[in-house]
Amino acid sequence: MNALPWTIYVSFAGAALALLAGNRAASVARTVALATALAGLALALVAAAAFKPGPGLQTLVDVPWIAEFGIRYHLAVDGISLTLIVLTGIAATAGVLFSWNIKERTGEFFALYLALIGGVYGVFLSADAFVFFVYYEIAIVPKYFLIAIWGSTNREYGAMKLVLYSFAGSALVLAGLLWAYAASGANSFAVADLAAAGAQLSPGVQQGIFALVFTGFAVLAGMFPFHTWAPTGHVAAPTAASMLLAGVVMKLGAYGCLRVALPLFPAGFVYWQPVIATLAIAGILYAGCIALVQEDFKFVIGYSSVSHMGFVILGLAAANSQAVGGAVLQMFSHGIIAGLLFAVVGRMVYERTHTRQFSDLRKLPLHKTMPFAALTFVLAGLASMGMPGFSGFPAELTILIGTWKTAPLWAGFAGFGILIAAAFTLRAVQVSFFGSTEPAGPAPAAPHDPHPDFEPITWPEKAGALLLIATTVYIGLKPDVLLDWITPALRSPLFQAVLKGGQL
Amino acid sequence: MTPNYLSLLHALLPEASLVLGALVVLGFDLIVGRRHDLAQRTVYATVLGLLAVAAAVYHSYDARLDGEVFGGVFILDSLALATRVGVLLLTALTLALLPGVTRVKQPAEYVAIVLLATTGFTLMAIAQQLLVAFLALELASLSLYILAGFDRSRPESAEAALKYFLLGGISAAFLLFGFSLLYGLTGSIALPEIARQLSVQAMSPLLLAAVLMTVVAFGFKAAAAPFHLWAPDVYQGAPPTSAALIASGSKLAGLVMFTRLLWSGVGPSAGSVATFDVVPGWVPAVALAAVASLLIGNLGAIAQTNVRRLLAYSAIAHAGVLLLGVIVAGKFGPAALVYYAGTYGLATVGAFGVVAVLDAAGVGGSFADLAGLRQRSPLLAFCLVVFLLSLAGIPPLAGFFGKFAVFTAALKLNGLASWAGWLSIFAIAMSAVGLYYYLLVLKNAVVIPGRPDAAPIKVPVAAATALLLATALLLLLGLFPSVVLRAVS
Amino acid sequence: MNAPLLSLIVLVPIAGAALLGLLRQAQPGTVRSLSLGLSLSTLAFGLFALRHFDPAVVGPQFVERHRWMGALNVHYFLGLDGMSLLLVLLTGIVSPLALIASWRIPQNPRLFAALFLGLQGAALGVFLALDFVHWFLFWELSLVPAFFLIKLWGGPGAGRAAYQFFVYTMGGSAFLLVGFAALFVATGTLDFLQLAQLARDGTLAAKLGPVGSPAATFVFLGVLLGLAVKVPLWPFHTWLPSAYAEAPTPVSMFLTGVMSKMGVYGFLRLLWPIFPAQLHAIATPLLWLALAGVVLGAYAALRQTDLKRMIAYSSLNHLSYCLLALFAVASASGPKPSADAAVSALSGALLQVFNHGLSAAALFYAVGLLEDRSGGRRGIADFGGVRTAAPIFAGLTGIALFSSLGLPGLNGFVGEFLIFRGVFGLAPWAAAVACFGLLATAIFLLTFWQRVFHGPQAGATLAGFPDIRGIEYAVFVPLVALMIILGLLPQLLAGLVNPLVSAWAGQLVLP
């Protein structure tokens with residue numbers, strides 16, 4: 001259990017090692033990165049095995065850091081953070097596997113990648129708002145370089161837009177947190193202390209601060225209408241970075257909303273709740289409709305991420321323990337599934353066909369030339385549309401249940417969202433991989449003949465895909481594994497102040 | 001008032017070491033230098049200069065923090081100590097950049113004048129009397145004018161010096177006029193006495209004029225808008241090491257001096273922006289300058305394509321935050337301000353250090369010239385990333401915590417029910433703009449590949465050490481800001 | 001009884017699908033025999049279940065119930081009653097035959113067989129699962145193999161048809177899901193039997209809101225929509241003709257024979273027991289829709305020149321009879337409606353489900369054979385005088401046609417007769433209108449018979465038209481034999497469902 005903070009340190013150490021190793025040989029850097037990611041995952045799993053779910057955070061480290069401001073280096077874990085840490089471990093490992101073919105500046109790539117991972121682990125473990133914020137910002141900068149250096153289409157624009165949105169969001173968060181800290185008079189950045197002091201503030205101030213902090217985090221979570229960075233950023237990013245962006249980094253925003261914004265100002269939240277829910281629904285539907293008409297494969301996936309994160313925000317907005325539990329489950333699920341989708345699109349397809357346009361892909365019988373990629377994408381697509389048997393289903397069902405409890409109308413709109421998700425995912429599946437199916441007739445090509453032009457799918461790709469598929473199916477069949485962590489965590493007094501009437 | 005010359009000597013030993021150092025540097029060069037080439041003479045001058053700085057640091061620590069010295073002319077408090085050590089450190093870093101980098105043909109003179117400027121800085125840090133403060137400021141300023149124009153091979157350098165000198169002279173005139181008015185109003189040049197007198201005086205037009213003139217001079221020193229016009233040309237035209245000193249040590253010392261002057265001297269006439277009802281005084285004026293600086297600095301920086309001019313506009317933008325720090329220093333002490341100014345100085349010295357090395361290697365100053373820096377010198381690229389990200393305020397680098405501390409204090413004044421609070425929100429918003437132009441530089445340095453035939457850039461050992469030291473300090477101070485905060489308070 | 005019989009029924013085909021997926025090097029022959037064996041397992045298990053089945057028991061038998069997702073109170077819950085048994089047997093009969101019919105398909109037989117077995121397993125899961133999540137898993141999962149079977153092996157318009165089929169059904173399912181999420185909020189359970197119990201004792205109405213309240217109405221409409229698309233209920237049928245027509249023959253057989261029954265099953269298992277009052281409230285409009293399906297489906301079939309589309313519309317027409325019966329029962333009000341009529345209508349509906357499965361599968365197969373022999377043509381004008389060229393084929397098809405038409409002595413008659421009898425007792429006007437449908441059905445089926453099999457040889461028939469042969473007998477003969485047997489001995493099936501239907505009729509909640 002107490003080894004969890006090492007996920008952070010191991011990642012940063014791995015980043016430094018990878019940077020040094022990159023000067024020697026790319027393969028060493030790769031191996032270092034894989035070992036680091038696996039070490040993080042192993043630490044997370046070992047901690048998960050020993051984890052005893054309960055309300056409230058279980059402290060791992062708590063030492064004074066900047067006494068003048070009452071800042072403590074306080075790391076702690078509960079079921080929610082543990083869920084996301086396991087997700088980070090899995091996504092990081094898969095990401096390394098899918099970047100096995102990076103040849104240019106390999107050491108730097110993995111150094112930045114692992115630094116990003118380290119920041120993400122740090123965010124999920126932080127119990128002090130200041131520490132949280134520091135790790136949150138640490139995770140921002142590597143993204144720029146990962147995308148700008150190793151990205152594809154319009155990469156410099158995408159990278160800059162993404163980073164500026166993130167940074168603007170975090171500026172809002174900083175403004176809100178500082179305001180809260182200053183206004184509350186508390187000499188502490190512990191969320192509980194801030195919340196206790198914040199409850200004394202006038203309703204107007206609480207609403208104002210909540211709006212700042214929540215909006216700041218929601219930018220990173222891809223909440224409509226602050227989502228526009230997400231599709232361009234995802235499309236521009238190299239595969240592993242898109243996997244992490246959609247898989248983990250967007251979760252940082254949602255996690256910040258849940259961990260910091262909601263408990264801090266329950267009164268402010270109540271005021272903004274309808275607005276948030278409306279924006280979430282607008283995001284689900286709008287991004288879904290946009291995804292339906294995209295002609296670039298990766299844009300479809302990018303918008304689908306926005307749409308799915310809309311469900312997370314909707315779950316948070318519904319604010320009862322089912323809805324929020326479902327939202328956390330959806331974060332996990334979407335992290336895995338989006339990773340898988342981006343892996344197929346970015347690594348398996350794009351790096352072989354060098355096109356992402358549906359009009360080009362339609363002409364290629366990809367299901368015959370890349371059966372493994374086709375199968376993976378079909379499974380990922382099914383998971384993404386919320387098919388039962390995959391992790392998306394229990395997540396969406398729990399969110400729907402919770403949302404219905406708060407406001408049936410929202411659940412009805414979410415139903416439309418599920419429908420649209422099915423439509424655009426299916427369209428992507430059928431146009432990309434099954435665009436040219438030969439009508440039943442003579443002279444079929446032997447289905448497993450690899451296309452001469454495309455190199456076969458490599459073992460790291462297979463391993464990464466299997467890891468992600470196995471996870472989504474496992475959680476789809478046994479969501480209790482995660483829900484048994486998440487639900488008790490929501491019983492902590494901090495969450496109970498904002499979550500009303502949830503009995504699971 | 002019983003003058004105690006022994007304690008005065010003891011208190012001023014750092015300054016004495018610096019002046020002595022300057023003389024030794026000159027003399028050594030005169031005697032030994034003839035037999036050596038320029039490179040070696042630069043090394044000798046630098047080493048001697050560093051020794052003098054080291055001695056000054058030692059004496060700064062050695063001097064007891066026993067408060068007022070020599071009848072209150074000087075004050076030795078924790079702020080003074082921290083500032084002295086800070087400016088000395090910044091000077092040392094600047095000096096270390098010289099060997100193998102500078103184009104200066106008279107290294108001994110250059111180092112000597114740097115030491116004299118530093119003497120001015122350290123005196124500014126401890127001055128508690130108008131006259132001494134003015135003299136210290138002028139010592140520093142005159143030295144800096146010379147340093148700005150030291151590169152006689154480039155006309156821009158002379159232009160920079162002239163511009164700096166003319167505007168600096170005007171600001172000195174303002175300051176002197178302000179001081180004389182203050183003296184006239186209070187009958188004293190000692191800050192505590194001035195404060196005592198002012199606390200029983202109501203705000204009068206004359207007092208307001210005195211205060212505003214002081215603020216004008218201060219704004220000039222801090223490169224705050226609307227007194228910033230000299231900065232871009234000077235930063236671009238002066239030799240990079242001179243610009244480094246102007247942007248770092250000079251700024252730290254100036255801020256501390258004016259903070260002391262404004263709060264412990266003119267404090268009673270500060271006025272207030274801690275609510276929406278502005279109380280007239282110098283604080284509202286400083287606040288206006290802060291807004292203007294943030295706006296002009298950040299927006300101006302976006303349009304730049306030259307690294308040095310960008311650093312100049314970034315300096316203007318940072319001046320905005322620093323002025324905010326001055327405003328809050330009255331209530332919460334100058335710790336945040338010193339931290340901010342010090343770490344800002346570190347990052348700026350570092351950035352100008354990189355510019356200096358590039359300049360020596362014949363790389364131009366525009367963004368596009370930086371392309372491929374990563375291949376040509378991974379060290380420089382890495383250091384530049386750290387310096388600029390610290391300037392942008394990315395944790396865990398020191399620049400972040402500096403902003404954090406200042407903004408927190410500003411918000412603590414009265415939350416958002418005050419102009420100060422909104423000013424800090426504005427500054428936070430502007431920091432997002434800041435990241436944009438810093439990333440533009442870094443994009444060229446790190447992302448865009450250079451020409452394949454570009455030769456590697458060799459970084460001299462001393463400069464490399466200085467840059468890495470600055471990098472490490474930015475990281476360490478960012479991780480452990482308490483070190484500085486505790487030293488000041 | 002200790003063996004988890006129902007799990008075996010569901011999982012053997014699915015495991016078989018996975019096995020085929022892994023057997024990369026298998027020869028087509030191996031694939032065929034293996035998949036046929038796996039597919040036949042359903043029939044074997046079904047017959048075994050039939051032997052041990054106690055028709056007198058109304059509730060589910062062979063129950064397997066295990067805790068699954070604690071947080072959602074979800075159970076792994078399988079159970080079998082008379083209705084389920086009927087459908088398991090139907091699946092057990094139609095699937096292997098369809099699989100045999102697929103042996104002509106040249107492309108990738110292994111993948112085809114794997115997908116087909118997956119589809120079969122999913123359908124069985126739908127018929128046996130009694131917990132919503134468990135049921136929904138199979139309900140949705142069945143779409144996936146069906147989608148690919150249509151898309152990859154279908155005709156020229158298959159891509160569009162498959163997409164339409166999938167999205168329509170998913171669209172319905174999304175609202176079904178929302179509806180059950182709401183039910184969970186109200187009751188905390190997703191168990192069909194418990195929900196039905198709660199509905200009967202009024203708890204559900206108390207928690208969800210009375211009939212007509214917005215929430216309850218929304219939930220009901222959501223579930224209704226999900227099921228209505230699947231059956232399909234007119235006007236949600238637009239996906240059906242193209243999906244059935246573009247699918248390859250064996251898949252069409254399965255789609256119409258088994259999958260279309262999932263919707264009817266859902267109406268009887270979910271909608272009616274859980275929302276009796278709501279269903280009653282809008283039964284009359286629904287009755288009109290069902291009638292529209294009966295009548296317009298038949299007239300649409302009449303207008304088709306493509307034989308496959310004709311049979312597809314005839315499916316719409318025949319399934320609408322089942323819904324007609326259900327809605328008539330649901331709409332019944334007034335003092336003690338004839339329980340007899342209700343029993344008659346409901347058992348007629350169940351028998352119709354089974355019989356239509358047989359006859360529609362046979363007809364699709366027949367059209368498939370015509371298509372095979374004519375090089376892909378299937379217009380009604382492309383054929384003529386087939387009877388002279390292929391008398392046995394004509395005979396067998398004729399029996400299937402007349403069974404579909406409802407000729408007494410064949411199985412189709414029994415179901416339709418019972419439905420009409422019941423509906424006359426409950427809603428005479430509806431039965432009267434439905435007669436128009438009956439008339440049109442007779443016309444288009446006879447047109448089929450006459451244009452294709454009689455008259456001078458024409459079109460494709462001219463160039464030598466081989467009669468039915470070899471393996472084709474194996475598909476056709478069992479189907480036709482069953483049509484005759486069940487036509488003569490309808491009590492074989494009726495006995496299985498009678499107690500159940502009587503119990504339903506007895507429990508009718510009538511205001």
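Before the helix crossing, I noted the convention: a crossing is left-handed if the near helix is turned anticlockwise from the far one by less than a right angle, and right-handed if clockwise. Helices (H or I, at least four residues) and strands (E, at least two) are DSSP runs, numbered from the N terminus.

Sources. I am working on a predicted model, where local features need pLDDT of at least 70 and side-chain atom pairs count only at pLDDT 80 or more, while totals for chains, interfaces and linings use all residues. Residues are numbered from 1 along each chain as its sequence is written, and chains are lettered from A and ligands numbered from 1 in the order in which they are written.

Entry 1, the crossing. I found that α7(A) passes α18(B) in a right-handed crossing. Helix α7 (residues 155-184) of chain A packs on α18(B) at an angle of about 50°, with the axes 8 Å apart. Axes are lines fitted to C-alpha atoms, for helices over the stretch in contact, and angles run from 0 to 180 degrees between N-to-C directions. I list the contact residues as Leu178(A), Trp179(A), Tyr181(A) and Ala182(A) from α7(A), with Phe407(B), Thr408(B), Leu411(B) and Lys412(B) from α18(B). Contact here has C-beta atoms, placed from the backbone, within 7 Å.

Entry 2, chain B against chain A. I count 24 residues of chain B in contact with 26 residues of chain A. On the chain B side, α18 (398-414), α19 (419-447) and α21 (482-488) each supply at least two residues. The largest share, 11 residues, comes from α19(B).

Of the two pairs of chains in contact, A and C share the most contacts. I found no contact between chain B and chain C, whose closest C-alpha atoms lie 40 Å apart.

Which elements do the buried residues of α3(B) pack against? They pack against α2 (13-31), α4 (78-96), α5 (107-126) and α20 (461-479) of chain B.
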